[in-house]
Amino acid sequence: ESRLHWHCHFIQKLESEPEIEMQNVHHGFDGVRPTEVDRERFERWCQGETGFPLVDACMKMLAATGWINFRMRAMLVSLSSYQLWNHWREPALHLAREFLDYEPGIHYPQVQMQSGVTGINTLRIYNPVKQARDQDPDGTFVRRWLPALRKVPDEFIFEPWTLPQALQAQCGVIIGRDYPAPVVDHVATARQARETLWALRGDAKVREEARRVFNKHGSRNPQREGRVRRKRSTSAEAAAIAMAQDEPRQLSLGLE
C-alpha cells in the first residue's frame, strides 16, 4: 500500500510541474554543474567502463536486460552526478531509454532527488567500492558481467586498480588495457561535490527556494507508509527547511 502512495505522489510531481523533465526542480542549483556533460566521462559511464566494477557490471546488466534494482539505479545516478559531476539531464535520458519499466513521473523526480538538486532531500553520495562490498560480497555479480575480472582475487575484485603488476599478469587482466583504470578518484570527487552542494544549501535564497519546492512537492500524506502516523511536534515543512539549513553530516562519503 505504501508503494502505491509513493507511486502516485511521484507521478503527481510531474503532473503539477512538467518542467521537471527538463529543469532543476530547485532553481537555486541552476548552473552549479555544467549544462553539457563531460563527454568522455559520460560515455564511459554509459558503456560500463568507469573502472568501478559494480557500476560497470550494473551498466552491462542494464544494457543486456533492461532492468536493475532501485539501489543500483540510485548508485549509477549518484556516481554520474557527484563523482563525475555531470548534469542529470543526459544521464536521465540514457537510463530512460534502457529501463523496461520507465515511467517519466517517477523517473525524473527520482533522478533529480538522487543528484541532489531538489533542495528538500538529503544528499546521498554512494561509495561504489563500499556498495560492491555490501551488495556483492563475494564478487559473483561483478564476475558474471565483467568476464575480464573473473580471475581477480576477492581482495582486489572491487578495486582492481590496486592489483600489483605481477598479479595483473598472472590473472590475465592488465589495468588500462583489459579493464579500465578508474575514471576519477571517487573519494576526492565525492568530497568536493558534497562540500560544494552543502555550502550552497546554506544560502538564504536557496533555503527560501527549498520552502517553495516543499510547499509544491513535499509529501504530507500521513498514510504514505500504509499506516496512520502520530502527530509530530514539528511540522513537516519546518523539518524540510531545517534539513536545508543543516550542517554537513557524515551522510555518504563512507556510509552509503
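**Note on aromatic residues and the nonpolar core**

1. Setting aside neighbours up to four places away in sequence, F156 makes contact with T162, L163, P164 and L167. The model is a predicted one. F156 is placed in the loop that runs between α8 (140-145) and α9 (165-171). Is F156 buried or exposed? Its relative accessible area is 18%, and the cut-off for buried is under 20%, so F156 counts as buried. Between the C-alpha atoms of F156 and G139, which are 17 residues apart along the chain, the separation is 9.9 Å.

2. The structure has 4 aromatic pairs. One of them joins W6 and F10, with ring centres 6.2 Å apart and planes at 50°. Stacked pairs have planes under 30 degrees apart and edge-to-face pairs over 60, so the W6 and F10 pair is tilted. W6 and F10 both belong to helix α1 (residues 2-16); because they are 4 residues apart there, about one helical turn separates them. Both W6 and F10 are buried.

3. Another aromatic pair is formed by F42 and W45. Here the distance is 6.0 Å centre to centre and the angle between the planes is 25°, and the pair is stacked. Helix α2 (residues 39-47) holds both F42 and W45, which are 3 residues apart, about one turn of the helix. F42 and W45 are each buried.

4. At W198, the charged end of R201 sits over the ring, at 4.9 Å from its centre.

5. The largest nonpolar core has 61 residues. Which of them touch the most other members? They are W45, I68, L76, L95, V142, L149 and V173. W45 is also the stacking partner of F42. As general background, nonpolar side chains in soluble globular proteins tend to be buried together.

6. L76 deserves a separate entry. Not counting residues up to four places away in sequence, L76 touches W45, V55, C58, M59, I68 and L95. Among these, W45, I68 and L95 are also listed with L76 as touching the most other members of the core.

7. On cysteines: how many disulfides does the structure hold? The number is 0. C46 counts as buried, at 11% relative accessibility. C171 counts as buried too, at 10% relative accessibility.

Definitions and conventions
Residues numbered from 1 in each chain as written. Predicted model: local features only at pLDDT ≥ 70, side-chain atom pairs only at ≥ 80, totals over all residues. Heavy atoms only, no water. Phe/Tyr/Trp six-rings, centres within 6.5 Å; stacked < 30°, edge-to-face > 60°. Helix = DSSP H or I, 4+ residues; strand = E, 2+ residues; numbered from the N terminus. Buried < 20%, exposed > 50% of the residue type's maximum accessible area, 1.4 Å probe, protein only. Lys NZ or Arg CZ within 6 Å of the ring centre and 35° of its normal. Contact = heavy atoms within 4.5 Å. Core = buried A, V, L, I, M, F, W, Y, C linked by side-chain atoms within 4.5 Å. Disulfide = S-S within 2.5 Å.
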